[in-house]
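Subject: Structure for you to look at, with notes

Hello,

Here is the structure I said I would pass on. Please open it first, then read the notes below it.

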Amino acid sequence: QSAALTPPPALRTARSADTVCGIERTGGPLAFLFLQRIQGLKGNDVCFDCSTMDPDWASVTHGTLVCLTCAGRHRTLGVHVSRIKSLTMDAWEPAHVAAMLLSGNLQVKGFFRRQKVHNTAIEQLYTSTRAAEFYRKELANQIDLEIAKYERGERCVLDEVPLPPARRLSREAASAVLEPAK
């Protein structure tokens, strides 16, 4: 499991005061790269609940992507059951980012399938099954562990948020950096 939490250097996140987990609060290249990373997880190309293509909302309580219609259904369940965030319009806290990186549609589908509750109606699945409650609690525990690592400056799942491609230095700038001062 620790191998999954050790991303290559190109995927490590920048940590600074003007970002949350390297994601600029106002959007920009890091937010776009985060969005690509989350949507690129296997199974996240379709809504977790109804299989609509290209979902752009997230249940950060479960770490799944859902479509606008299902996001509305989740919101009626209450934030204690499912907290919904827009991938593009809402601010993201480190715990929300961690939830998305630790979970994903495919993983949660597999869990519900093994628990034999995968064909349950949305409202009943999330509010009346022990499986959903167990998954929420276990994911929250994992998030707490990752946030503690993040706060201590240790390698954690949040390091998987990609950095934007490095800017190329002009030949003159590179020469100025590489040549010793005279």
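With which residue does Glu 133 form a salt bridge? The partner is Lys 137, and the closest N and O atoms of the two are 3.1 Å apart. A salt bridge here is a side-chain nitrogen of Lys or Arg within 4 Å of a carboxyl oxygen of Asp or Glu.

Before the rest, a word on where the values come from. This is a predicted model, in which local features need pLDDT of at least 70 and side-chain atom pairs count only at pLDDT 80 or more, while totals for chains, interfaces and linings use all residues. Residues are numbered from 1 along each chain as its sequence is written, and side-chain values use heavy atoms, with hydrogens and water left out.

Salt bridges

Side chains of opposite charge can pair when their charged atoms come close. The structure holds four salt bridges, and I describe some of them here. Glu 133 and Lys 137 are four residues apart in helix α6, so about one helical turn separates them. Helices (H or I, at least four residues) and strands (E, at least two) are DSSP runs, numbered from the N terminus. Glu 133 is partly exposed, at 37% relative accessibility. On that scale, buried means under 20% relative accessible area, exposed means over 50%, and partly exposed lies in between (1.4 Å probe, protein chains only).

Another salt bridge joins Glu 123 and Arg 73, with the closest N and O atoms 3.1 Å apart. Glu 123 lies in helix α5 and Arg 73 in helix α2, so this pair ties together parts that are 50 residues apart in sequence. Both ends are partly exposed: Glu 123 has a relative accessible area of 32%, and Arg 73 has one of 33%.

Glu 154 and Arg 152 also meet in a salt bridge, at 2.9 Å from N to O. Glu 154 is partly exposed, at 35%, whereas Arg 152 counts as exposed, at 53%.

A buried lysine and a buried histidine

Lys 85 is in strand β5 (residues 84-86). Lys 85 is buried yet has no salt bridge; Asp 90, the nearest side chain of opposite charge, is 5.2 Å away. For charge, Lys and Arg count as positive and Asp and Glu as negative, while His and the chain ends are not counted. A polar atom of the Lys 85 side chain does lie 3.3 Å from the backbone oxygen of Ala 91. Leaving out residues up to four places away in sequence, Lys 85 touches several others, including Trp 57, Trp 92 and His 96. Contact means heavy atoms within 4.5 Å.

His 62 is in the loop between β3 and β4 (64-66). Its relative accessible area is 0%, so it is buried. The side chains of His 62 and Arg 136 are joined by a polar contact of 3.3 Å. A polar contact is a pair of N or O atoms within 3.5 Å; within protein, one must be able to donate a hydrogen and the other to accept it, and residues adjacent in sequence count only if both atoms are side-chain atoms. With residues up to four places away in sequence not counted, the residues that His 62 touches include Tyr 126, Tyr 135 and Leu 139.

Nonpolar core

The largest nonpolar core has 41 residues, and those with the most contacts inside it are Val 66, Trp 92, Phe 112, Tyr 126 and Leu 158. α6 gives the most to this core, with seven residues. A nonpolar core is a set of buried Ala, Val, Leu, Ile, Met, Phe, Trp, Tyr and Cys residues joined through side-chain atoms within 4.5 Å.

Cysteines

How many disulfides are there? The count is zero, where a disulfide is a pair of cysteine sulfur atoms within 2.5 Å. The sulfur of Cys 67 is 3.6 Å from the closest cysteine sulfur, in Cys 50, which is too far for a bond. Cys 70 is in no disulfide either, and the nearest cysteine sulfur, that of Cys 47, is 3.7 Å away. Cys 67 is buried, at 7% relative accessibility, and Cys 70 is buried, at 2%.

Positive phi

Most residues other than glycine have a negative phi. Asp 54 has a positive phi of about 55° although it is not a glycine, and Asp 54 is exposed, at 61%. Lys 116 has a positive phi near 60° and is exposed, at 72%.

Regards
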